[in-house]
Amino acid sequence: MLSIATTATDLFSPAGTAELRLTGARLGMLRRVIALESAVPLLVVAAVAIGTGFGASAINASLQQQHPMAAPGAAYYLLTAGGILAALSIIAATFPLLARITGPEVARNE
């Protein structure tokens, strides 16, 4: 999940967001676009990974070990939520850079 969050910096390429800003897009809109383009895939991948893990462990527990599947403990949920929050905070940490790297001085061609 952290790898998805760190690729959010790729969204800050001058070819993408700087031109949107120069055409009149406000900084708040750019932040929302970047949040949607990075947080939504992060949450979808996390949900798919969690579902796949539960499915695989259920199959393993019931078919191979002849045990019913037990719900994970609180530590699992805390670690999962902590990882997702850490990834989302990495995405949010890039927002202060947005004003600097999308300003008019970045788009000059001299």
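**Helix packing in a predicted model**

Of the 110 residues in the protein, 21% are buried (under 20% relative accessible area, with a 1.4 Å probe and protein chains only). This is a predicted model, in which local features need pLDDT of at least 70 and side-chain atom pairs count only at pLDDT 80 or more, while totals for chains, interfaces and linings use all residues. Residues are numbered from 1 along each chain as its sequence is written, and side-chain values use heavy atoms, leaving out hydrogens and water.

**Fold**
- The secondary structure has five helices and zero strands, where helices are DSSP runs of H or I of at least four residues and strands are E runs of at least two.
- Along the sequence the pattern reads α-α-α-α-α.
- Of the contacts (heavy atoms within 4.5 Å) between residues at least 6 apart in sequence, 77% join residues at least 24 apart.

**Helices α3 and α4**
- The axes of α3 (residues 27-64) and α4 (residues 74-93), fitted to C-alpha atoms over the stretch in contact, come within 10 Å and cross at roughly 160 degrees on a scale from 0 to 180 between N-to-C directions.
- That angle makes α3 roughly antiparallel (over 145 degrees) to α4.
- Residues of α3 in the contact include Ser 38, Leu 42, Ala 46 and Phe 54, and those of α4 include Tyr 77, Ile 84 and Leu 88.

**Ser 38**
- Ser 38 lies in helix α3 and is buried, with a relative accessible area of 3%.
- The Ser 38 side chain reaches the backbone oxygen of Ile 34 at 2.6 Å.

Note on methods: Angles under 35 degrees count as roughly parallel, over 145 as roughly antiparallel, 65 to 115 as roughly perpendicular and the rest as oblique. Buried means under 20% relative accessible area, exposed over 50%, partly exposed in between (1.4 Å probe, protein chains only). A polar contact is a pair of N or O atoms within 3.5 Å; within protein, one must be able to donate a hydrogen and the other to accept it, and residues adjacent in sequence count only if both atoms are side-chain atoms.
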